[in-house]
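Student: I would like to learn how to read the features of a model from its coordinates. Where do we begin?

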Amino acid sequence: MRRGSNHSVAPLPDSGERRVSIVVLDDDPMVAKVIALSLRRMQCTVRIYTDANECLADMEKTPADILITDLRMPQMDGITVLRKVKSLNRSTDVIMVTGYA
């Protein structure tokens, strides 16, 4: 699985609009891939992570417009990830998902 490749925000072809940069963090690689596939079909630039620490380290270097994160992960819960991301970049929007309804 490709993790956190270093994509920059690029304009959409022929439109002059910029692509939305989204980071997907989920400890389940299949869930992350499905979310990323849908977002890429909508012309978003997507980076995928299954490790919260790796994700946060990369987001410190390359911020994203949106972070989609799992709420329950073994290494770090989504609330902690939210706090850390907001301390890095307050303008990053965070969406939390969970398989535990």
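The dialogue below goes from the overall fold to single elements and residues.

Student: How many helices and strands does the protein have?

Tutor: This is a predicted model. The protein has three helices and four strands, and along the sequence they follow the pattern β-α-β-α-β-α-β. Of its 101 residues, 36% count as buried. Among contacts between residues at least 6 apart in sequence, 63% join residues at least 24 apart. The protein exposes about 6000 Å², of which carbon and sulfur atoms supply 52%.

Student: What span should helix H1 have, and how far apart are its end C-alpha atoms?

Tutor: H1 covers residues 29–41, which is 13 residues. At 1.5 Å a residue the helix should span 18 Å, and the end C-alpha atoms are 18 Å apart, so expectation and model agree.

Student: Which residues of H1 are buried, and which are exposed?

Tutor: Start with the general idea. An α-helix has 3.6 residues a turn, so residues three or four places apart point the same way. In H1, the buried residues are Ala 32, Ala 36 and Leu 39. Viewed down the axis of H1, the buried residues fall within an arc of 60 degrees, so they line one face of the helix. Met 30, Val 34 and Arg 41 are exposed on the other side of H1.

Student: What do the buried residues of H1 pack against?

Tutor: They pack against three strands: E1 (21–25), E2 (45–49) and E3 (66–70).

Student: What is found at the start of H1, and what caps the N-terminal end of H3?

Tutor: Look for a side-chain oxygen and a backbone nitrogen. At the start of H1, a side-chain oxygen of Asp 28 reaches to within 2.9 Å of the backbone nitrogen of Met 30. Asp 77 caps the N-terminal end of H3, with a side-chain oxygen 2.9 Å from the backbone nitrogen of Ile 79.

Student: Where is Gln 43, and what is its phi?

Tutor: Most residues other than glycine have a negative phi. Gln 43 has a positive phi, near 70 degrees. Its place is in the loop between H1 and E2. With a relative accessible area of 36%, Gln 43 is partly exposed.

Student: How many residues of E2 are buried, and which way do they point?

Tutor: Five of the five residues of E2 are buried, so the strand is largely enclosed by the rest of the structure. Thr 45, Arg 47 and Tyr 49 point one way, while Val 46 and Ile 48 point the other way. E2 runs parallel to E1, and five bridges join the two. Thr 45 in E2 is the bridge partner of Ser 21.

Student: Where is Asn 89 found, and which side chain does it contact?

Tutor: Asn 89 is in the loop between H3 (78–88) and strand E4 (93–97). The side chains of Asn 89 and Ser 91 are joined by a polar contact of 2.7 Å. Asn 89 and Met 59 are 30 residues apart along the chain, and their C-alpha atoms are separated by 8.7 Å.

Notes: Residues numbered from 1 in each chain as written. Predicted model: local features only at pLDDT ≥ 70, side-chain atom pairs only at ≥ 80, totals over all residues. Heavy atoms only, no water. Expected span 1.5 Å × (residues − 1). Buried < 20%, exposed > 50% of the residue type's maximum accessible area, 1.4 Å probe, protein only. Arc of directions from axis to C-beta. Contact = heavy atoms within 4.5 Å. Polar contact = N/O pair within 3.5 Å; in protein donor to acceptor, adjacent residues only side chain to side chain. Areas by Shrake-Rupley, 256 points an atom, 1.4 Å probe, with all protein chains shown as cover. Pairing = 2+ DSSP bridges.
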